[in-house]
Amino acid sequence: MPDQRNFYLTTPIYYVNDSPHIGHAYTTLSCDVLARFKRLDGFDVFFLTGTDEHGQKVEKSATAAGKTPQAFTDEVSENFRDLAGLMNFSNDAFIRTTEPRHARASQAIWSALMENGHIYLGSYAGWYAVRDEAFYAESELQTDDRGHKIAPSGAECEWVEEPSYFFDLSKWQDRLLEFYEQNPDFIAPQSRRNEVISFVKGGLQDLSISRTSFGWGVPVPDDDGHIMYVWLDALTNYITGIDYPDTDAPAYRQYWPADLHMVGKDILRFHAVYWPAFLMGAGLEPPKRVFAHGWWTNEGQKISKSLGNIIDPYEIVETYGLDQIRYFLLREVPFGNDGDFSRKSVLNRINGDLANDLGNLVQRVLSMVGRYCDGRVPAPAMPTDDDRVLLEQAASAIEAIRRSMDAQAFNEALDTIWSLVRAANGYVDHQAPWRLHKEDTERRDTVLYNLAETIRHLGLYLQPFVPDAAASILDQLEIADDQRDFSRIGGGHAMKPGTPLRKPSAIFPRIAAE
Ligand code: MSP
């Protein structure tokens, strides 16, 4: 079944008016971990990210910077490419919505919707929030003390009145509900799925999908006066990236429908309501799954530019280390929930989980191998029940990890890995190889061998999460680069006794409290 082994996943494309912050880093990180996991698990992965460069918000930022939108976006989209370098993201492609291929794709989906009778010309009179690039119904808004209309997201709205094309979203209520019903895993987590379903049950209004009062967007086919609503353009990136409108192209055939669109909870409605309706309206298949993750606060406070408490990925990586930050973000909260970034919890995770539990295990075991076994992988003798239990836990962990990854429960996958770390630490304490060194060197070698094998498994499993540290563990065990995928799990690929090992080096040093 070769086509079961493909995996296409996407991040949202980021508005270029902001500098990259922890929110952007987090969404892409979650995809990166999954992409790396799937590659190691034998999948042909396509991992797409990029930048959302059209719309009123970006146009305004360009004007404020005294630049043309094109020059502005050329410059700032680079910041998002650089973020991938900083965070060690393994995206296979980077898409910009200002690329000519994307205008072609957006116009093609527009034309398909038009031909299928889902678009009509009318005029829009209502509220619009530039910050969200979203239309809101009067009933959704609150009035602040200055008399301004405020969206549920906190964004200020303005009154817009202009000719506009509409998508017949109001006709999609039943089809969408039926689609959610038939595809219970389409929206995750479950609580978000319930929210979307009740939103759709509440009734849908036709959606304005073109603007005339500014010009920074993809021109509407056959009507120069209009540009496309930025969300229709932006969502289309997911198929532009695999060569739509050429639906016979190898990439499109191989990867559509996407396995997963990862998004933040704030943009779920666009992905779980509008996007499947657009796709079905254009005669295309909807994606398989949309996962909405939670938001981070900074030391308990909502993160916002006006509060000046944006968390800069460069600063935290510089202060704590890259793998340390990757680990913290994925481990600290059940994926899907909101989380709080506090310096104290970062230090606890680093000094507890990484330095104490994992780092010490690796360091202790490898230095004993260095000292007692002449720096060579020792040869095991007959295993005891304790040995079998540990090795069995090491090899079988993949099944639980795989299940967690398929549910995007990254913290659970890490829990499983840390149970193995704890089991290995317990085994060290219990077997006491330093005592065996004096009493029974054959048993000492068996114990150290089993520990080295367990650490090899830990190295394999940790690769998606902390790629540099995992590589260092596997390097220290002299595991060749082509022996690091998940087909190497288990005793059949165990380390060869006698292999000389290099002098061990620490992987996660403790960090002193600030
Ligand atoms: N351009 C749109 C997406 C179009 S996709 C077809 C957009 N861009 S964005 O740059 O504003 O947001 C990108 C992502 O950052 C979202 O997934 C959002 O949830 C995430 N985050 C922004 N702030 C965040 C936190 N404080 N915490 C976690 N994620 C947050 O929306």
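This is a predicted model: local features need pLDDT of at least 70, side-chain atom pairs count only at pLDDT 80 or more; totals for chains, interfaces and linings use all residues.
Residues are numbered from 1 along each chain as its sequence is written; local features need pLDDT of at least 70, side-chain atom pairs count only at pLDDT 80 or more, and totals for chains, interfaces and linings use all residues. Side-chain values use heavy atoms, without hydrogens and water.

View 1. Helices (H or I, at least four residues) and strands (E, at least two) are DSSP runs, numbered from the N terminus. Gln408 follows H14 and has a positive phi, near 55°.

**View 2. Buried residues of H14**. Asp387, Leu390, Ala394, Ala397, Ile398, Ile401, Ser404 and Met405 are buried (under 20% relative accessible area, 1.4 Å probe, protein chains only). The buried residues of H14 pack against helix H1 (22-40), helix H15 (410-431) and helix H17 (441-462) (contact: heavy atoms within 4.5 Å).

**View 3. The second largest pocket**. Its volume is about 390 Å³ (the space filled by probe spheres set on the grid points, which are joined across faces, edges and corners). A pocket is an open set of points on a 1 Å grid over the protein atoms alone, where a 1.4 Å probe fits, with protein on both sides within 12 Å along at least five of seven lines; lining residues have an atom within 4 Å of a point. Of the 22 lining residues, Phe135, Tyr136, Ala137, Glu140 and Gln205 are the closest to the centre of the second largest pocket. Strand S4 (119-129) is one of the elements that supply at least two lining residues, and S4 gives the most, with 4.

Conventions. Buried means under 20% relative accessible area, exposed over 50%, partly exposed in between (1.4 Å probe, protein chains only).
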